[in-house]
Amino acid sequence: MKKNDTNLSILNTLFAVSLVISNVVTGKLIYTGISIFEGSVISLPGAGICYAFTFLFTDVIGEIWGKKQADKTVLFGLIGQIFATLLIIMTQYLPAADADMQKAYSMLLGQNWIFVLASLAAYICSQLWDVWVFHKIRERVVAKTGNSHSRWLWNNASTMTSQIIDTIVFIAIAFGLGFGWFFKSEMQLTLLSMMIGQYVFKFILAVLDTPVFYLLTHQKKSVQGC
């Protein structure tokens, strides 16, 4: 991918779309039928796949345009996420012409404040960590080897560790505190299984996006500054 304003705009747009849509579809839980602990079947949020793309896009932006631009993308994404949430809430409370449609809207898009808080906290913690680790590892490896051939290293290390933060922060706030599962002994294994199961899913996605990362950055001829 060439380093130009058009490609940067495309990546920023895809990042924002992936982020906003992940919040829209997070209410759908995907049943896996897989149990880690007895009686605790893993369910995955519909946002999992959409949100995984955000890490890919910030990694590509960071690799080609540098850390400062990747940080800007994360900041703009936060602003966009807050604005999208406000629009959804505003629309929810406008007079409805059809009661059934209003009920469906509230069920699918109704914003629970604890989930909004969990989502924003997980986003800012995981995304900032992703950008920081990506460039920290990249700087050290490039300084030592003089080339950026080992892009898989900082791409995977940053995404895989970021997904740990994202998973733990979101589930801990939304379910551990919001639903009080931290304080219910019968739900603690369920909470743990959700964290483990969702992270394994995100880990697999991180591995699968590596060829895409190489494809989008392979035209880069020389090492860019961070």
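Tutor: A polar contact is a pair of N or O atoms within 3.5 Å; within protein, one must be able to donate a hydrogen and the other to accept it, and sequence neighbours count only through two side-chain atoms. This model is predicted: local features need pLDDT of at least 70, side-chain atom pairs 80 or more, while totals for chains, interfaces and linings use all residues. Residues are numbered from 1 along each chain as its sequence is written, and side-chain values use heavy atoms, without hydrogens and water.

Student: What makes the pair Gln-163 and Thr-167 a polar contact?

Tutor: The backbone oxygen of Gln-163 lies 2.7 Å from a polar side-chain atom of Thr-167. The limit is 3.5 Å, so the pair counts.

Student: Why is Thr-167 called buried?

Tutor: Its relative accessible area is 1%. Buried means under 20%, exposed over 50%, partly exposed in between (1.4 Å probe, protein chains only), so Thr-167 is buried.

Student: Which residues does Thr-167 touch, beyond four places away in sequence?

Tutor: Met-195, Gln-198, Tyr-199 and Lys-202. Touching means heavy atoms within 4.5 Å.

Student: How do you know that Val-207 is partly exposed?

Tutor: Val-207 has a relative accessible area of 39%.

Student: Where is Val-207 found?

Tutor: In helix α7, residues 185-208. A helix is a DSSP run of H or I, at least four residues, numbered from the N terminus.

Student: And what about Thr-167: which helix holds Thr-167?

Tutor: Helix α6, residues 151-177.

Definitions and conventions. Helices (H or I, at least four residues) and strands (E, at least two) are DSSP runs, numbered from the N terminus.
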